[in-house]
Amino acid sequence: GAVVRSPADGVVHFSGFVVDRNLISIDHGGGLLSSFEPVTSSLAEGAVVHRGQEIGALQSGHCRAPCLHVGARLHGQYVSPLNYLGGIPHSVLLPTRRLP
């Protein structure tokens with residue numbers, strides 16, 4: 001029953017039951033969609049949401065302890081949600097040999 005909040009402004013793309021659990025997806029614009037499961041929400045498709053706004057409640061899932069699955073798609077391709085949550089530091093390329 002923990003509160004789940006929107007990570008950014010957007011519009012509810014989907015809210016409902018898929019296969020064996022509830023989920024909600026948010027369209028953040030620019031081809032970016034985020035999804036959260038297992039989350040029950042009273043929000044309907046097309047509802048505008050803002051960063052930090054409650055979007056639903058965490059439900060029991062297939063994990064032993066309550067767990068939230070977070071997904072991200074950019075232009076239909078799955079990408080790491082950590083790219084948008086600050087979890088992956090920027091890469092720094094280092095030389096493999098001394099330069100003259």
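The legends below accompany close-up views of strands in a predicted model.

**View 1. The open sheet of three strands, ordered β1-β7-β5.** Pairing within this sheet is antiparallel. The edge positions are taken by β1 (3–5) and β5 (39–40), each of which has a single partner strand, so that one side of each is left without a neighbour in the sheet.

**View 2. The pairing of β5 with β7.** Strand β7, which comprises residues 54–58, runs antiparallel to β5 and is joined to it by two bridges. Val 39 has Leu 58 in β7 as its bridge partner.

**View 3. The burial of strand β4, residues 32–37.** Because six of the six residues of β4 are buried, that is, under 20% relative accessible area, the strand is largely enclosed by the rest of the structure. Leu 32, Ser 34 and Phe 36 point one way from β4, whereas Leu 33, Ser 35 and Glu 37 point the other way, and residues of both sets are buried.

**View 4. The hairpin of β3 and β4.** Strand β3, spanning residues 21–27, is antiparallel to β4, and four bridges join the two strands. Within this pairing, Ser 25 is found opposite Ser 35 of β4. Four residues lie between the strands of the hairpin, in which Gly 29 adopts a positive phi near 85°.

**View 5. The pairing of β4 with β8.** Six bridges connect β4 to strand β8, formed by residues 69–74, and the two strands pair in the antiparallel sense.

Conventions:
Residues are numbered from 1 along each chain as its sequence is written. This is a predicted model: local features need pLDDT of at least 70, side-chain atom pairs count only at pLDDT 80 or more; totals for chains, interfaces and linings use all residues. Side-chain values use heavy atoms; hydrogens and water are left out. Two strands pair if DSSP finds at least two bridges between them. Buried means under 20% relative accessible area, exposed over 50%, partly exposed in between (1.4 Å probe, protein chains only).
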